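These are my notebook entries on a structure that I looked up element by element.

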Amino acid sequence: MKPITDLLVIGAGWAGLYAAKYAREAGLEVTLLERRADLGGVWNYSDDPATITVMRNTVSSSSRHVTEASDLSMGSEAGTFFRHQDALAFLRRYAERFGLTERIVTGARVARARKIDGLWQVETEDGRSFRVERLAVATGVHQRPRPITGPVADFTGALVHTAELKHPLDLGVGAGDHVIVYGGGETAADIVHDLASETGADLTWAVRGGQHFFRKAPLRRGQPPGFYARDDMALDEYSSGLIGLMTTPQKAARGMRHLGNLATSGSVFSYQGHGVAEWQNDLPLYRQFFNKNGHALEHVWNGRVTPARGIARCVGDRVVFEDGREVRASHIVCCFGYQPDFSFLPEELAAVPTDRLHRLVFHPDDPSLAFFGFARPTILSLPYMIELQCIYAARVWSGRVVLPGAETMHAEAEADAAALDALLGYARSNPNITCPFWYLEVMMKAMQEDSLRQLFARFDPRRDWGLFSRAVRVPASPLLLRLMTSDAVGSDERARMDEYVSPMPFGFRRRDVSLLRYVLTYGLMIGLSRLLWLDELFDVVARRRIARRGRSLASRPASTGVTP
């Protein structure tokens, strides 16, 4: 039996590596168990259909700066939007940099974890056993495909879950096929784009409950439908501590909604980024998960792809949508997502949902058990959320933050869930969906810090105006978390701030923008928008257009065929 260690981390993907690194900084001895032969989790692509990973052609939906670690850059070679090969290379470099590689035990699928005499005893399927004081679950949500249930289960054509796809073209569809892509997430958008660009199949994109869209990079005229340059200005970097003071994301970011629509579609009237009747709902900005692969919308605007509501029923190969429209389809691709698997934990602990964990991290009945990477942000990136969780956990493990008793932790977890439900204003089909701006406030309060005040206190303009100017313009990102929570801001952080640019309106990025110009530009635009209620005005016009003609945007020129 292995000797007792401080922390055992299950999973060596993005979340597991971050948890292990921060635990080591808190003074803990750490071991990681990884069921596969290498680290990387879903970003370690595999052709094996039984292994759930990203697809062969996956490109990140969040930009590099919003995703990379607070204390390690991915490097410019990864581009603005990175491929899975870049992510895996980064995670391997991260493990080496922070001394984690030799602490990873591979081929170790956990079969059972139980508490015995106050210690966790963890057993793997191949018979190895570990005794540890603390356990961190970082296995991710991509463990089991969500089952295909409901009306779509009655479809008699080819019914495919995205877990079965390694590339959309593996479907082998072409002229004469009618494919329905069912789901509003980023995987669905990628599949729609690839099928629309590279096959002759008829396509319907069905989204139940509406969806908000946002592009990775600004829409540029003259590009092929659905195209974006991987090194173009990232729209998710239009954020900073200063812009956070001017806008209120938790109150639906009044003042910038129409700018997001403009960058996504080229029109301020693209309600919720899409301007399509079938996908509208009444949820304000930032209250629903953002699909940042909005480039796929161009195939809808030019008529290549038909939008639809959810599926009401299937009779053989005949599909009836919620608005009464019917089609005959050859394939339905179900983008239903995944579920975590905690079957190795004791039933009484596994029964507590991850959205009822204390601060979405610690188990309220046993705080020696922590979970990382299960809270899903509406925008920004999952690694951003993971690092915020790990910063908090490290302070708990080091004794800087003391957790309350079980009763209080349960009460606070319930209060947080209720507050998030009230903020989002709808029943979350995925209970782990979380507003990252709300979560930042919750976690900073738990660490007894004030996020923006801390940032402005650490970077005194009287001491170093240039450094202050850069720090307050860093986009909402892991690096910004570090600037707000760490006193150890040295040459590496200064160099990384130099990598960042000052995104200016309408898709331009500049390195030579003065802080005064930056503040005046956004202050004027946001101030005028609020004063004149432009967001609300444009939304009213857009919804009237949708009611009158089914869309708020004029039809784009039709695609001339399959794009190479």
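Entry 1. I note at the outset that the model is predicted. I looked up a sheet of 3 strands and found that it is open, with the order β14-β15-β16 and antiparallel pairing. Because β14 (311-315) and β16 (326-328) stand at the edges with a single partner strand each, one side of each has no neighbour in the sheet. From one strand to the next, I recorded an average twist of 20°.

I then asked how many bridges join β15 to β16. There are 3, between antiparallel strands, and β15 covers residues 318-321. For V319, I found the bridge partner in β16 to be V327.

**Entry 2. The hairpin.** I turned next to β4 (residues 110-116) and β5 (residues 119-124), which pair in the antiparallel sense over 6 bridges. Within this pairing, R114 has Q121 of β5 as its bridge partner. I also looked at the connection: β4 and β5 form a hairpin, and 2 residues lie between them. In the turn, D117 has a positive phi of about 55°.

**Entry 3. A surface patch.** Which residues make the nonpolar surface patch of about 410 Å²? I listed L524, L528, L531 and L532. I checked L531 individually and placed it in helix α16, which spans residues 515-532. Is L531 buried or exposed? Its relative accessibility is 63%, and the cut-off for exposed is over 50%, so L531 counts as exposed.

**Entry 4. Aromatic pairs.** I counted 22 aromatic pairs in the model. The pair of W14 and W43 is edge-to-face, with 6.1 Å centre to centre and 75° between the planes. I noted both W14 and W43 as buried.

The pair of F362 and Y392 is also edge-to-face, at 6.1 Å centre to centre and 65° between the planes. F362 lies in the loop between α8 (347-350) and β19 (369-371) and Y392 in helix α9 (residues 382-398), so this pair ties together parts that are 30 residues apart in sequence. I found F362 buried, and Y392 is buried as well.

I then returned to W14 and W43 and asked which aromatic cluster contains them. One cluster is formed by W14, Y18, W43, F82, F90, Y94 and F98.

Entry 5. My last search concerned backbone angles. As background, I wrote down that most residues other than glycine have a negative phi.

Q272 is not a glycine, yet I read a positive phi of about 60° for it. I located Q272 in the loop between α6 (257-265) and β12 (290-291).

R359 is not a glycine either, and its phi is positive at about 55°. I found R359 in the loop between α8 and β19, the loop in which F362 also lies. Is R359 buried or exposed? With a relative accessibility of 14%, R359 counts as buried.

Note on methods: Residues numbered from 1 in each chain as written. Predicted model: local features only at pLDDT ≥ 70, side-chain atom pairs only at ≥ 80, totals over all residues. Heavy atoms only, no water. Pairing = 2+ DSSP bridges. Helix = DSSP H or I, 4+ residues; strand = E, 2+ residues; numbered from the N terminus. Axes fitted to C-alpha atoms, helices over the stretch in contact; angles between N-to-C directions. Patch = residues over 30% accessible without salt bridge, like charges linked within 9 Å, V, L, I, M, F, W, Y side chains within 5 Å. Areas by Shrake-Rupley, 256 points an atom, 1.4 Å probe, with all protein chains shown as cover. Salt bridge = Lys/Arg side-chain N within 4 Å of Asp/Glu carboxyl O. Buried < 20%, exposed > 50% of the residue type's maximum accessible area, 1.4 Å probe, protein only. Phe/Tyr/Trp six-rings, centres within 6.5 Å; stacked < 30°, edge-to-face > 60°.
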